[in-house]
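I opened this entry to look up the ligand site and the pockets. The notes below follow the order in which I checked them.

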Amino acid sequence: EKAGFDHFMMKEIHEQPKAYRDTMMGRIAEDGKSVQLTELGMTADYIKAIRKIQIVACGTAYHAGLVGKTVIESLARIPVETDVASEYRYRSPIITEDTLVIVVSQSGETADTLAALREAKRNGARVLAITNVVGSSVAREADDVLITSAGPEIAVASTKAYTTQLIAFYLFGLHLAQTLGTKDQAYVAEVLAAMKNLPEQVEQVLEQKTVLRQIADNLSKHNNLFFIGRGVDYAVSQEGSLKLKEISYIHSEAYAAGELKHGTLALIEDGIPVVALITQEELYEKTLSNIKEVKARGAFVFAVVNAGAEVEAAKSVDELFAIPKTLPLLAPAVAVIPLQLISYYASLARGNDVDKPRNLAKSVTVE
Ligand code: M6R
């Protein structure tokens, strides 16, 4: 049942190329120039009337939503708010009929997410669910459903559900953009072509997993570490940090790289590991200067960079891992893979139960 892998998590990490393909299948026009989300009941007039989007989810699904915010805002120029579902209802969110609420849930049964969905509907919003389970509570109660075709996810630590949620956001963002005319066809075709390369790029990362095992073995000797990044790299940092905490029990914190100097830098001391994500070319120099700040205080910096940037980055960091280069917006779908593998190997190095971490359940059906 684990298909020759020692744990479900590792099996599911390796299923990602297929999960990406399955989630894209049938949703891209044959000529590769447009997205076709025929399962959505939203008319063009409805989409043109959306004034605000709220993305609501928990844990890893929330982290996918953080990337989703950037994707939708940059492709469709509609303002997006993100909320963790357990907070959403209690902040009396401003929900109107021209608000689209997107709930994201692998299981479709998370109590907080379901409660948020009901709150949104009660207030007249349309709800789109991004979920992995056909017929789940969330899928049944939402107005529209985008299924992520990740297949069953057994390990408590979510991997292929997160990455297919990213794919769903890319597709939906493009759907909005082509309906609203915020991006031209050539651009949409360019993004779709790059998306089709993602499975192959993920394979390339998986082929190098032994390198990541060595890195994880070293990180697992520490009790505290940091993840830093800017833009979508910050969103991916948050997911990397959660994954590590969840299964290795190593304390870590994800920080927006530019925010470190507003307090957290006080915690940087000799030898403390800092995992830096630098996939966004526009922000490269800025993040590099933050790396210098932590290096000057003795941190050990491990960086995830784009292929092609290794030589330059190697001058400023202690260790690095290069990922195949894609469009900046799509980088999370590749950059998270080494972080998933590091968490897996760190958990293994610490002798933990990788698939069933202490205190956690796969599906959280209490509020
Ligand atoms: O089934 P859901 O996507 O609604 O679950 C949400 C979270 O409980 C879940 O993502 C959790 O954070 C994972 N165990 C993280 O790996």
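Predicted model: local features only at pLDDT ≥ 70, side-chain atom pairs only at ≥ 80, totals over all residues.

**Ligand site and pockets**

A backbone N or O atom of S158 is 2.9 Å from an oxygen atom of the ligand.

For S105, a polar side-chain atom lies 2.6 Å from a ligand oxygen atom. For V156, a polar backbone atom is 2.9 Å from a nitrogen atom of the ligand.

Next I listed the shell. I found 14 residues around the ligand, and S105, Q106, S107, T110 and E246 are the closest. Sorted by class, the shell holds seven polar, five nonpolar and two charged residues.

Which pocket does the ligand sit in? I found the ligand in the largest pocket. I also checked which elements give two or more residues to the shell around the ligand, and these are α4 (59–76) and α11 (232–248).

I then went through the largest pocket itself. I recorded a volume of about 590 Å³ for the largest pocket. Its lining has 25 residues, and those nearest the centre of the pocket are C58, G59, T60, K362 and V364. At least two lining residues come from each of α4, β3 (99–105), α6 (111–122) and α11. By class, I noted eleven polar, nine nonpolar and five charged residues in the lining of the largest pocket.

I turned to the second largest pocket, which has about 290 Å³ of space. I found 14 residues lining the second largest pocket, with S74, Y187, Q280, P328 and L329 closest to its centre. The elements giving two or more residues to this lining are α4 and α9 (185–206).

Which element supplies the largest share of the lining of the second largest pocket? I found that α9 does, with three residues. For the classes in the lining of the second largest pocket, I wrote down eight nonpolar, four polar and two charged residues.

I have α4 listed for the shell around the ligand, for the lining of the largest pocket and for the lining of the second largest pocket.

Methods
Residues numbered from 1 in each chain as written. Heavy atoms only, no water. Near = heavy atom within 4 Å. Polar contact = N/O pair within 3.5 Å; in protein donor to acceptor, adjacent residues only side chain to side chain. 1 Å grid on protein atoms, 1.4 Å probe; cavity = no way out; pocket = protein on both sides within 12 Å on 5 of 7 lines; lining within 4 Å. Sits in = over half its atoms within 2 Å of the grid points. Helix = DSSP H or I, 4+ residues; strand = E, 2+ residues; numbered from the N terminus. Nonpolar A, V, L, I, M, F, W, Y, C, P; charged D, E, K, R; others polar. Points joined across faces, edges and corners; volume = space filled by probe spheres on them.
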